[in-house]
Amino acid sequence: MTAPASALRPPTTDELDPEERMSRAEIERLQLERLQWTVQHAYRNVPLYTRKFDEAGVHPDDIRTLDDVHRLPFTTKDDLRETYPFGMFAVPMADVARIHASSGTTGRPTVVGYTRGDLDRWGTLVARSLRASGIRRGMKVHNAYGYGLFTGGLGAHAGIEALGATVIPMSGGQTARQVQLIRDFEPDAILCTPSYLLTIADAMAAQGIDPRSTSLQVAVLGAEPWTNEMRHELEQRLGIDALDIFGLSEVMGPGVGNECLETKDGPHLWEDHFLPEVIDGDTLEALPDGERGELVFTSLTKEAFPVIRYRTRDITRLLPGTARPGMRRMEKVTGRNDDMIILRGVNLFPTQIEELVLGIEQLTPHFILELTKEGRMDALTVRIERHPDLSVETCEAAAQVLVQRIKVFIGSSVAVRLEEPGALPRSEGKYKRVYDLR
């Protein structure tokens, strides 16, 4: 059954946290107070920061305004790996209530720790994010983020409980089981990656279930870049509202920011706990709001694992707040510095291809990108499944349209290869889009 659209509503002013109601000036005063505490805490308790601050010739007492954050050194993923496993912790291990870690697919995993206070604040911020998405106390929430060392599953779980909603802790994978539980338990909301929600919708359709016929009203999606075109695709296929939750393990996990139901214009960042910047990835100079560059975060309230000017590699820009005027928002992340493909001198991101694919109705959203060598030249092939309800000839014509649009709008020549329906791997969490075969 599909609940009436009126069942989802934005929170009233009275339902917001006090910090969500603050003016911009009040937020900045709070940020400065918390920044000064964080810098002192990191300098005194994390040897890496003691050394980096001293090498940069800056002391915590030098932080007198928010702009002084630009005097502080950056933190990179390499710093986290060099201090593996616990060298970035700023409290004794006896005070660390939980440890999470990244997958470590490109080297040593990055390890993060949380005090009991950190976990409470994390749960509060995820609850704030879910409330901004229209989820309320008493609703049932199907959590299809993976549980374990990955921050997504347990972070989302704690936020659902903190909000007073009912959590269904399904975790990732077992797609047929996901479909069964959605049918049987009738959740109001689902949390997962956007690519995995697409997989679930496909599985429903394969079983003869109309994805629009379920109880789901809203999906809170994150952990991978996704476009507004993907939002439209998911909303149309499932008859839901789809909202973007933003976070990363090194900064906290999910819940660093979230889109608001009433505007859907990019995640508002919870600036009472995080100080965002955007920098030029080449010069490392800070960029003004409105200019696109690499996103950088400084935590303001983390006890076990404070981070100072952490380079996320995410590409975005900072914009004025709308639904929460005191909090800036960020444009939806379109890619990462380390996801960027340089093809014969042209920079492109997988999300740019996704945007073009979803603009051609005759093509499916199931595609991967393969990089190969042709002689001395790099080559890119888009492998995409043909539409099961259309002829091969129609799909081949659509594939040529995609070739032309990539050339016109991105400026690079690629090959497009049609695959049979179901031939490509399906997401069961974060989807691997690019395969480098060079």
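Reader: Where does Glu15 lie?

Author: In this predicted model, Glu15 is in the segment before helix H1 (24-45).

Reader: Why is Glu15 called partly exposed?

Author: Its relative accessibility is 28%. Buried requires under 20% and exposed requires over 50%. Glu15 falls in between, so it counts as partly exposed.

Reader: What makes the approach between Glu15 and Thr12 a polar one?

Author: A polar atom of the Glu15 side chain lies 2.7 Å from the backbone nitrogen of Thr12. The cut-off for a polar contact is a pair of N or O atoms within 3.5 Å.

Reader: Which residues is Glu15 in contact with, leaving aside its neighbours within four places in sequence?

Author: They are Arg9, Pro10, Arg131 and Arg136. For Asp244, the C-alpha to C-alpha distance from Glu15 is 20 Å, with 229 residues separating the two in sequence.

Reader: How do you know that Thr110 is buried?

Author: Thr110 has a relative accessibility of 2%. The limit for buried is under 20%, and therefore Thr110 counts as buried. Its place is in the loop between strand S1 (98-101) and strand S2 (111-114).

Reader: What joins the side chains of Thr110 and Glu250?

Author: A polar contact of 3.5 Å joins them. The cut-off is within 3.5 Å. Glu250 is also one of the residues that Thr110 touches, as are Lys77, Leu80, Arg81, His100, Ala101 and Ser102, not counting residues up to four places away in sequence.

Reader: What makes strand S8 mostly covered?

Author: Six of the six residues in S8 (residues 253-258) are buried.

Reader: How do you know that strand S7 and S8 pair?

Author: Pairing needs at least two bridges. Strand S7 (residues 241-248) and S8 have four bridges, in the antiparallel sense. Among the bridge partners are Gly247 and, in S8, Pro254. With four residues between them, S7 and S8 form a hairpin.

Reader: How many bridges join S8 to strand S9?

Author: Two bridges join S8 to S9 (residues 268-269), and the strands run antiparallel. At least two are needed, so S8 and S9 also count as a pair. Asn258 has His268 in S9 as its bridge partner.

Reader: Which residues have the most contacts inside the largest nonpolar core?

Author: They are Ile135, Leu191, Phe246 and Phe297, in a core of 69 residues. The largest share of this core comes from helix H4 (residues 116-132), which gives six residues. In soluble globular proteins, nonpolar side chains tend to be buried together.

Reader: What is Phe246 in contact with, leaving aside its neighbours within four places in sequence?

Author: The list includes Gly253, Pro254, Gly255, Val256 and Gly257. Also among the contacts of Phe246 are Pro267, Leu269, Leu295, Phe297, Asp314, Met330 and Val333.

Reader: Why are S10 and S15 called edge strands?

Author: Strand S10 (274-279) and strand S15 (335-336) each pair on one side only, which is why they are the edge strands. The open sheet has four strands in the order S10-S11-S12-S15, with antiparallel pairing. Within it, four bridges join strand S11 (residues 293-299) to strand S12 (residues 310-316). The bridge partner of Val296 in S12 is Arg311.

Reader: What is the phi of Arg309, and is Arg309 buried or exposed?

Author: Phi of Arg309 is near 50°, a positive value in a residue other than glycine. Most residues other than glycine have a negative phi, and most peptide bonds are trans. Arg309 lies in the loop between S11 and S12. Its relative accessibility is 3%, which is under 20% and therefore buried.

Reader: Why does Arg313 count as partly exposed?

Author: Arg313, in strand S12, has a relative accessibility of 32%. The value lies between 20% and 50%, so Arg313 counts as partly exposed. Phi of Arg313 is near 75°, again a positive value in a residue other than glycine.

Reader: What makes the peptide bond from Tyr84 to Pro85 cis?

Author: The omega of this bond is near 0°. Pro85 lies in the loop between helix H3 (77-82) and S1.

Reader: Which residues lie nearest the centre of the second largest pocket?

Author: Glu233, Arg237, Thr364, Pro365 and His387 do, out of 24 lining residues. The pocket holds about 500 Å³ of space.

Key
Residues are numbered from 1 along each chain as its sequence is written. This is a predicted model: local features need pLDDT of at least 70, side-chain atom pairs count only at pLDDT 80 or more; totals for chains, interfaces and linings use all residues. Side-chain values use heavy atoms; hydrogens and water are left out. Buried means under 20% relative accessible area, exposed over 50%, partly exposed in between (1.4 Å probe, protein chains only). A polar contact is a pair of N or O atoms within 3.5 Å; within protein, one must be able to donate a hydrogen and the other to accept it, and residues adjacent in sequence count only if both atoms are side-chain atoms. Contact means heavy atoms within 4.5 Å. A nonpolar core is a set of buried Ala, Val, Leu, Ile, Met, Phe, Trp, Tyr and Cys residues joined through side-chain atoms within 4.5 Å. On a 1 Å grid over the protein atoms alone, a cavity is a set of points where a 1.4 Å probe fits but cannot get out, and a pocket is an open set with protein on both sides within 12 Å along at least five of seven lines; lining residues have an atom within 4 Å of a point. Grid points are joined across faces, edges and corners, and a volume is the space filled by probe spheres set on the points.
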